Amino acid sequence: MTTKAGMRPRDRARSFADRFAMKVPVLLAPMAGACPVGLSVAVANAGGMGAMGALLNSPDSIREWVSAFRAASRGPFQLNTWLPDPAPCRDAEAEARLRTFLAQWGPDVAASAGDVTRPDIDEQCEAFLDARPTAVSSIMGLFAPQFVQRFKASGIAWFATATTLAEAKQAEAAGADAILAQGFEAGGHRGSFDERAAERQAVGLIALIPRLADHVGVPIIAAGGIGDGRGVAAALTLGASAVAIGTAFLRCPEAQTHRAWADALADREPEDTMPTRALTGRLGRAIATDFVKAAGSAAAPPPAPYPVQRGLTARMKEAGAAASDHHRMQVWAGQSASMAKAIPAGELLREIWDHAEALL
């Protein structure tokens with residue numbers, strides 16, 4: 001069914017890169033809170049695509065980020081946000097038990113700490129339309145049809161994150177221009193449309209890419225566990241047209257990652273990361289810190305739903321960062337964390353693609 005059946009991996013990648021004004025088929029993953037302008041500029045100026053994870057950003061801060069990016073680069077970039085879950089079901093007694101547990105790891109947690117919200121997604125989408133990026137990308141679901149139509153009318157491509165074939169088919173039917181296939185190896189939040197199914201739908205990238213390539217007609221962007229040229233070449237060979245890389249860039253100086261987080265990535269074994277809901281309430285892959293392991297034990301209270309858990313853990317994370325204690329911080333990491341290098345992002349991108357080309 002794929003419209004690109006029979007194309008050689010390099011030709012498929014070149015077609016995708018040309019379409020989106022890239023020199024190499026590598027996108028910076030849109031990591032909310034970890035995509036400073038300088039990192040995206042470095043990736044875009046080296047031939048890839050920059051990104052902003054805009055989940056927690058107001059429309060004005062989105063516009064400011066875009067303005068700063070365009071002042072330093074003419075390269076392509078994407079803007080990303082989550083599709084919101086239904087309003088969380090609150091349980092005062094359960095939250096009280098959580099606050100008692102969290103007080104063992106940091107400052108006392110106020111009863112109001114879980115009263116957090118996120119910026120309005122419609123307002124974010126309006127800011128995306130104003131900014132006119134190369135692409136917008138979604139995670140946790142699909143953009144509303146009226147925004148899909150307006151993005152297309154404005155010449156803005158839509159990359160839809162999918163973790164299963166069923167999700168990818170929904171996205172393609174809704175008008176997605178590419179599917180961002182997220183394997184279970186990926187760091188950060190899991191993009192499942194149904195957050196309750198995230199643990200069960202734990203599909204690895206090597207199984208996910210060919211399954212999607214055989215059944216969807218739009219290009220596939222592979223994400224999860226890719227940190228060097230071998231991973232890029234493998235993803236393209238399996239049927240992807242491009243890759244998205246996040247964790248591997250976190251030690252680059254342009255990423256401005258907290259030193260404790262960056263240092264914790266060095267030589268990190270794949271099994272030293274784990275999926276957890278303890279940090280935000282939504283499933284995500286992080287370093288298996290002392291807190292994450294304790295929060296996953298049978299003796300710990302279950303996490304609150306997103307974004308309540310994010311609010312409840314905020315003061316602990318702040319205290320951990322102030323003390324450079326990564327065990328109390330939000331240290332997202334994919335299984336390829338050991339491949340992250342403390343070298344300029346442009347240099348790392350060129351190294352990754354040169355190696356991939358040699359293998360292809």
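This is a predicted model: local features need pLDDT of at least 70, side-chain atom pairs count only at pLDDT 80 or more; totals for chains, interfaces and linings use all residues.

Colleague: Good to know. How many helices and strands are in the protein chain?

Modeller: The chain has 14 helices and 11 strands. Its radius of gyration is 19 Å, close to the 21 Å that the globule rule gives for 360 residues, so the chain is as compact as a globular protein of that length.

Colleague: And what does the C-alpha trace span along its principal axes?

Modeller: About 55 × 45 × 40 Å. As for burial, 57% of the 360 residues count as buried.

Colleague: How does the lining split by class?

Modeller: There are 26 nonpolar, 18 polar and 3 charged residues in the lining of the largest pocket.

Colleague: Switching to rings now. How many aromatic pairs are there?

Modeller: The count is 12 aromatic pairs. One of them is F16 with F20, a tilted pair at 4.8 Å centre to centre with 50 degrees between the planes. Both F16 and F20 are buried.

Colleague: What about F143 and F151, why is that pair called edge-to-face?

Modeller: Their ring centres are 5.3 Å apart and their planes sit at 70 degrees. Planes over 60 degrees apart count as edge-to-face, so that is the label here.

Colleague: Are those two buried or exposed?

Modeller: Buried, in both cases: F143 has a relative accessible area of 4%, and F151 has 1%. The cut-off for buried is under 20%.

Colleague: Which residues do ring pairs link into a cluster with them?

Modeller: The cluster takes in F143, F147, F151 and W158.

Colleague: Nice. Which ring has the charged end of R285 over it?

Modeller: That would be F184, with the charged end of R285 sitting 5.1 Å from the ring centre.

Colleague: Backbone next. Where is the cis peptide bond?

Modeller: It joins Y306 and P307, with omega about 0 degrees. P307 is in the loop between α11 (290–295) and α12 (308–312).

Colleague: I also want to look at A21. What is its phi?

Modeller: Phi of A21 is near 60 degrees, a positive value in a residue other than glycine. A21 belongs to the loop between α1 (9–19) and β1 (26–28), and at 61% relative accessibility it counts as exposed.

Colleague: And S324, what is the phi there?

Modeller: S324 has a positive phi of about 55 degrees, although it is not a glycine. You'll find S324 in the loop between α13 and α14 (345–359). Its relative accessibility is 47%, so S324 counts as partly exposed.

Colleague: Last one: where is G38?

Modeller: G38 is in helix α2 (residues 37–45), and it is partly exposed, with a relative accessible area of 33%. From G38 to I62 is 24 residues in sequence and 15 Å in space, C-alpha to C-alpha.

Colleague: Great, thanks for the tour!

Methods: Residues are numbered from 1 along each chain as its sequence is written. Side-chain values use heavy atoms; hydrogens and water are left out. Rings of Phe, Tyr and Trp (its six-membered ring) pair if their centres lie within 6.5 Å; planes under 30 degrees apart count as stacked, over 60 as edge-to-face and the rest as tilted. Buried means under 20% relative accessible area, exposed over 50%, partly exposed in between (1.4 Å probe, protein chains only). A charge sits over a ring if NZ of Lys or CZ of Arg is within 6 Å of the ring centre and within 35 degrees of the ring normal. Ala, Val, Leu, Ile, Met, Phe, Trp, Tyr, Cys and Pro count as nonpolar, Asp, Glu, Lys and Arg as charged, and the others, Gly among them, as polar. Helices (H or I, at least four residues) and strands (E, at least two) are DSSP runs, numbered from the N terminus. The radius of gyration is taken over C-alpha atoms; the globule rule is 2.2 Å times the number of residues to the power 0.38.
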